[in-house]
Amino acid sequence: MKKRNVLLLLFLSAMLVTNGCGKEENQLDAASGNIEGEAEDGQQENGSLKTEDVAETAKEAESSSTEKNEDAASESTYTWQEITVTLPETWQGKYVIDEGDDGFCIYQKASYDIQKGAGYLCGFSREKEWLNYGVGETALAYTDDGTLYYLMKPTDFACATEEGECAAEYQAMEEQVDEIADTVQIELAGIHFDAEKYMIPVSSTIPLTKDVLLNMTDNELWIARNEIYARHGRGFNNDYLQRWFDACSWYEKTSEADAFDDAVLSQIEKDNLNVIREAEENYAKEHPYPKEYRTGEVIEEDISGDGAVEKISYDVIEKNDGDYDCILTINGTAYDLNKYEPIITPVTDVFYVTDIIEWEEGLEIAVLDEGPSCDYVTYFYRYEDGKLKYIGCVGGFPFKEQNSGRNGFSGQNSICGTVRMDLVETCYLDGYWWFDEYEDKLVYHEDGEHHYQPNTAHQLLMDLPVWDTLGNKKTVIPAGQDIYFLRSDMKEWIYVRAKDGTEGYIQVKDGEVLNLNTPAESVFTDLYFFD
């Protein structure tokens with residue numbers, strides 16, 4: 001099991017033991033104002049407090065809690081210390097709130113009544129450290145002294161029953177959690193609500209440890225390390241990094257990379273740079289693949305996974321007619337790769353050995369094709385039982401050496417490549433392929449939104465209304481700003497960000513921005529289409 005999954009399971013288990021994010025186990029039914037007070041005597045593990053005196057204090061707590069929850073019922077708001085959230089009107093009478101020292105959690109009442117701790121919908125937590133459990137937690141805000149505020153969401157269906165009205169109600173409530181997160185108000189001086197625009201929002205204010213970096217990929221660590229420099233306006237020679245930070249509303253380039261003075265860094269920042277570098281080195285040791293090899297050389301790798309190495313070479317030979325022979329030789333047997341899938345314009349100097357499924361034996365051979373019109377493709381092959389098998393291809397070249405330092409291999413059964421889109425201009429977005437072990441081939445994941453590869457800005461030629469969700473108007477971005485395209489469903493919706501940080505969706509059909517009923521070239525500058 002991956003470290004990310006282990007930490008996540010431990011975290012969720014702790015939440016269930018404590019019945020939520022809080023350390024006091026007094027369950028507040030926000031619809032009725034009742035205090036259940038069901039903490040176990042003497043329980044102190046996982047941050048829970050001893051509650052032997054709950055019975056004596058219940059009446060006093062009930063008075064203040066009832067008043068607070070009556071207000072919540074009428075105004076659809078709930079306040080815990082400095083945090084206030086607005087709850088949907090449809091939730092009235094359907095939820096239970098569990099308060100703690102560091103925040104509160106919200107449960108579906110119907111599930112909670114069936115099984116204590118079930119029906120977990122979300123939690124809001126205040127922490128003095130940066131949490132990095134992985135899936136399920138989102139930093140909402142932070143302060144200059146390093147205090148962070150988190151939204152916690154379940155990573156699985158937490159309803160007490162998977163059938164009937166209870167499950168349907170839970171699912172409907174769970175789908176509204178993000179709307180609640182958007183309403184969060186924190187009454188605190190110096191609060192910042194742009195945490196999602198950083199890889200690690202507090203890397204300049206609090207010390208990091210190697211443990212909190214365990215769940216991060218090499219790409220995330222790479223961005224996080226350079227983020228420390230970017231806060232001080234440093235420029236970057238790497239195009240990917242420069243475009244990444246250009247699209248961040250907080251970033252303003254004030255010096256070239258070679259002219260940057262490290263003296264502006266604080267001791268915390270210098271220490272954190274060292275911690276992140278060490279984490280990158282450890283990641284590289286634990287994930288030795290993909291490995292780049294030169295064409296024409298004979299290498300030794302156990303690609304079959306049987307414990308014995310194979311002797312492998314890859315040769316690209318240009319023929320008189322301009323075509324190429326692409327020959328992969330394994331243990332003396334030559335395979336013409338064009339018989340598996342035609343390779344149009346092969347990369348002639350390198351090939352790769354990869355490890356798509358790290359927890360299984362066996363490796364893959366990957367060869368690169370620049371294709372027609374620079375539509376790059378990577379082809380993958382497996383060698384099993386003395387036979388070569390073609391398992392599919394991925395758009396783009398998902399290798400650090402070919403991709404401005406970015407690694408497309410997650411080590412979790414998937415590859416991040418590129419897909420081409422021509423919705424408002426020709427551009428490339430992240431595409432994801434996963435290895436289907438039953439079909440024994442790579443499968444493209446079409447659903448959901450795809451992130452743009454960092455690109456240059458387009459200037460906005462007119463005021464642009466954008467929507468917070470698909471079709472719901474949010475705000476207007478004034479003309480003259482630089483606009484960055486962030487992600488798209490590749491059908492009609494694009495999520496954009498202005499340099500001032502304003503974000504939202506635009507809808508595009510047949511080259512027209514429907515938010516304005518205006519052709520895209522009249523809304524944005526520098527739109528280009530490739531053949």
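Student: Is strand 20 mostly covered or mostly open, and how many of its residues are buried?

Tutor: Strand 20, residues 414-421, is mostly covered, with seven of its eight residues buried. Buried means under 20% relative accessible area, exposed means over 50%, and partly exposed is in between, using a 1.4 Å probe and protein chains only. Strands (E, at least two residues) and helices (H or I, at least four) are DSSP runs numbered from the N terminus.

Student: What kind of model is this, and how are residues numbered?

Tutor: This is a predicted model, where local features need pLDDT of at least 70, side-chain atom pairs count only at pLDDT 80 or more, and totals for chains, interfaces and linings use all residues. Residues are numbered from 1 along each chain as its sequence is written, and side-chain values use heavy atoms, with hydrogens and water left out.

Student: Back to strand 20: in which sense does it pair with strand 21, and over how many bridges?

Tutor: Strand 20 pairs with strand 21, residues 427-436, in the antiparallel sense over eight bridges. To count as paired, two strands need at least two DSSP bridges between them. The two form a hairpin, with five residues between them.

Student: Which residue in strand 21 is the bridge partner of Ser414?

Tutor: That is Trp434.

Student: New topic. Where is Gln507, and is Gln507 buried or exposed?

Tutor: Gln507 sits in strand 29, residues 503-509. Gln507 counts as buried because its relative accessible area is 16%.

Student: What joins the side chains of Gln507 and Glu492?

Tutor: A polar contact of 2.7 Å. That term covers a pair of N or O atoms within 3.5 Å; within protein, one must be able to donate a hydrogen and the other to accept it, and residues adjacent in sequence count only if both atoms are side-chain atoms.

Student: Which residues is Gln507 in contact with, leaving aside neighbours within four places in sequence?

Tutor: They are Trp467, Glu492, Trp493, Glu512, Val513, Leu514 and Asn515, where contact means heavy atoms within 4.5 Å.

Student: And the backbone: which peptide bond is cis, with omega near 5°?

Tutor: The one from Tyr289 to Pro290. Pro290 lies in the loop between helix 8 (267-286) and strand 11 (291-294). Most peptide bonds are trans, and most residues other than glycine have a negative phi.

Student: What about phi at Asn331 and Asp440?

Tutor: Neither is a glycine, yet phi is positive, about 50° for Asn331 and about 60° for Asp440. Asn331 is in the loop between strand 14 (324-330) and strand 15 (333-336), while Asp440 is in the loop between strand 21 and strand 22 (441-445).

Student: Why does Asp440 count as buried?

Tutor: Because its relative accessibility is 15%. Asn331, at 43%, counts as partly exposed.
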